[in-house]
Amino acid sequence: MQSLNFARLIPSLMKTTILPWLNSFLPSRNTVDHIEKMRACAGAVFGLFITGLLCHAVLGHSDAIIYLIAPMGASTVLLFCVPASPLAQPWSVIGGNVVSALIGVACTKLFGTMFDSLIIAATLAGALAIGAMFFLRCLHPPSGAVALTAVLGGPAVHALGFEFALMPVALNSVILVTTAILYNNATGRRYPHAQQIIHPNVHDTKDIVPTRRLGFTPEDLEEVLQQYNQVLDVSRDDLEEILLRTEMHAYQRRFGLIRCADIMSKDVITVAATAKLEQAWQLMCEHHLTALPVVNQHGNVAGIVTLTDFLLHSGVNTQKPEYKSIAEKLGRFVRPAKDTAINLSTVVGDIMTMPVKTIKAATPITDLVPIMADSGLHHFPVIDDAGQFVGIITHSDLIAGLYENRLAQRG
């Protein structure tokens, strides 16, 4: 009877305890697409090849000279696979590698190069390197390997002494970071990835930006991170952006997906870049508009002309004694007297804002909320998949769309 119960217990333990424990060793699913994987691999080829080639040219062609150290391979993973990581920023790479090399060399000189001494030196070098990187705010995981390389690298490394930290470590690091700056920015990745915690108010007031007035704030995130008390391999601004996007995604899931094509104004008054300023001004006054999309003959958005453009180019912001009012300034700008000198700005193309931010018709309107609320942009020309102008979205359209959507859900 006991053996029978034991036989039944084993499958239960496998299912509830052992299998979940074994599954915890498996990596989570990768969320990046194949293009991003190829981008990272190509970056590693570019970075390592250029670094090795230049260091070989600078340091010489002798087999006894070390021109590329193994930890650079680990630095390459961070620089090209996760360039947004705080552990992959230039100061982390260069500062972490150099200070770890110095510590490794110092430990080797202090304890000697005998086998037993090397174990103590390597242990102490690794620990001190981590402490120094924390203190100097240049934490970089491959730098731990640099510290061990300085201790365990053999006679060739030991012969270099503290010069090892300069040649090849500093040289390798600087060149590799330089290649990362060139490659990542050329392939659409911001690097260096400076943290952007503060969200400035475009109106230059003390109010926080609208999207931060409800929900969590940067201060909330800072407090939670302090309670979490672990090193995160993601910058705080990226983490905040991920959480905000998660909120928007949850909103779409709960209240439905509304796209720009559903709420945009389609019968839009437009103007050509070659139109006279007086014509554009009359259209804005006649239709009570503050902006006109500028569309070329092919139906593409060439720019946008706004009331602000008229004000700025008419000299309203300057103090000229011959002008007594804003109305007079605008009048002289839009309809210059025939007997005066030729006005430098005579057509819309001279004063329009370009390039202009456009939005695809299929874009969810929740994507517009942080852009419109925080950046100070009030008008978005809408284009289709072929790049043709199909409408415009303003603050009024966005507010109405969000309101009607919530009202429909409550109904």
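Student: Why is E36 called buried?
Tutor: In this predicted model, E36 has a relative accessible area of 13%. Buried means under 20%, so E36 counts as buried.

Student: What makes R189 partly exposed rather than buried or exposed?
Tutor: The relative accessible area of R189 is 34%. Buried would require a value under 20% and exposed one over 50%. Because 34% lies in between, R189 is called partly exposed.

Student: How do you know that E36 and R189 form a salt bridge?
Tutor: The closest N and O atoms of the two residues are 2.6 Å apart. The definition asks for a side-chain nitrogen of Lys or Arg within 4 Å of a carboxyl oxygen of Asp or Glu. The pair therefore qualifies as a salt bridge.

Student: What makes this pair a link between distant parts of the chain?
Tutor: E36 belongs to helix α2, whereas R189 sits in the loop between α8 (163–186) and α9 (218–228). The two residues are 153 residues apart.

Student: Which other residue forms a salt bridge with E36, and how do you know?
Tutor: That residue is R39, and its closest N and O atoms with E36 are 3.0 Å apart. The cut-off is 4 Å, so this pair is a salt bridge too.

Student: Where do R39 and E36 lie?
Tutor: Both are in helix α2 (residues 34–59). They are 3 residues apart, which is about one turn of the helix. R39 is buried, as is E36.

Student: What makes E36, R39 and R189 one network?
Tutor: Their salt bridges share partners, and this joins the three residues. The structure holds 2 salt bridges.

Student: Why is S143 called buried?
Tutor: S143 has 0% relative accessibility. That value is under 20%, so S143 counts as buried.

Student: Where is S143 found, and which residues is it in contact with beyond its neighbours within four places in sequence?
Tutor: S143 is part of helix α6 (residues 142–152). Leaving those neighbours aside, S143 is in contact with S92, G96, N97, S100 and M133. To count as a contact, heavy atoms must be within 4.5 Å.

Student: How much of the protein chain counts as buried?
Tutor: The share is 37% of the 411 residues. The secondary structure of the chain comes to 17 helices and 5 strands.

Definitions and conventions:
Residues are numbered from 1 along each chain as its sequence is written. This is a predicted model: local features need pLDDT of at least 70, side-chain atom pairs count only at pLDDT 80 or more; totals for chains, interfaces and linings use all residues. Side-chain values use heavy atoms; hydrogens and water are left out. Buried means under 20% relative accessible area, exposed over 50%, partly exposed in between (1.4 Å probe, protein chains only).
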